[in-house]
Amino acid sequence: MEVKIGVQHAPREIVLESGQSAEEVEQAVSEALAGKTQLLSLVDEHGRKILVPADRLAYVELGEPAPRKVGFGAL
């Protein structure tokens, strides 16, 4: 699952591929926004942990990963 996180006062967004389900990511985001936790904590598909302060979240976009095209071909 592809996750895009917008952070306040940051010019770029954080984009990661996560092995977590959409429900797990949504639960983590809602807990962070509700104040149950101070950090949004997600794990990407390589096992790296991404921590974002909950009070700095601008938006979180969930989507399916897009297949990457390799090589030459017609668009």
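Q: How many helices and strands does the protein chain have?
A: The protein chain has 1 helix and 5 strands. In order from the N terminus they run β-β-α-β-β-β. Helices (H or I, at least four residues) and strands (E, at least two) are DSSP runs, numbered from the N terminus. This is a predicted model, where local features need pLDDT of at least 70, side-chain atom pairs count only at pLDDT 80 or more, and totals for chains, interfaces and linings use all residues. Residues are numbered from 1 along each chain as its sequence is written, and side-chain values use heavy atoms, with hydrogens and water left out.

Q: What makes the span of α1 close to the expected one?
A: Helix α1 covers residues 22-34, which is 13 residues. The expected span is 1.5 Å times one less than the number of residues. For α1 the expected value is 18 Å, and the helix reaches 18 Å from its first C-alpha to its last. Just after α1, Gly35 takes a positive phi of about 90 degrees.

Q: Why is Ser18 called buried?
A: Buried means under 20% relative accessible area, exposed over 50%, and partly exposed in between (1.4 Å probe, protein chains only). Ser18 has a relative accessible area of 4%, so Ser18 is buried. Its place is the loop between β2 (14-17) and α1.

Q: Which residues does Ser18 touch, not counting residues up to four places away in sequence?
A: They are Met1, Val3, Val43, Asp44 and Glu45. Contact means heavy atoms within 4.5 Å.

Q: What makes the pair of Ser18 and Val43 a polar contact?
A: A polar contact is a pair of N or O atoms within 3.5 Å; within protein, one must be able to donate a hydrogen and the other to accept it, and residues adjacent in sequence count only if both atoms are side-chain atoms. The backbone oxygen of Val43 lies 3.0 Å from a polar atom of the side chain of Ser18.

Q: Why does Ala54 count as buried?
A: Ala54 has 12% relative accessibility, so Ala54 counts as buried. Ala54 is in the loop between β4 (49-53) and β5. Leu39 is 15 residues from Ala54 in sequence, yet their C-alpha atoms are 5.0 Å apart.

Q: How do you know that the buried residues of α1 are on the same side?
A: Val25, Ala28, Val29 and Ala32 are buried in α1. They cover an arc of only 95 degrees around the axis, which puts them on the same side of α1. The arc is that of the directions from the helix axis to the C-beta atoms. On the other side, Glu23, Glu26 and Ala34 are exposed. The buried residues pack against β1 (2-7), β3 (39-43) and β5 (57-63).

Q: What makes a set of residues a nonpolar core?
A: The set holds buried Ala, Val, Leu, Ile, Met, Phe, Trp, Tyr and Cys residues joined through side-chain atoms within 4.5 Å. The largest such core here has 15 residues, and Val3, Ile5, Leu40, Leu42 and Val52 touch the most other members. α1 gives the most to this core, with 4 residues.

Q: How do you know that β1 and β2 pair?
A: Two strands pair if DSSP finds at least two bridges between them. β1 and β2 have 4 bridges, in the antiparallel sense. Ile5 stands opposite Ile14 in β2.
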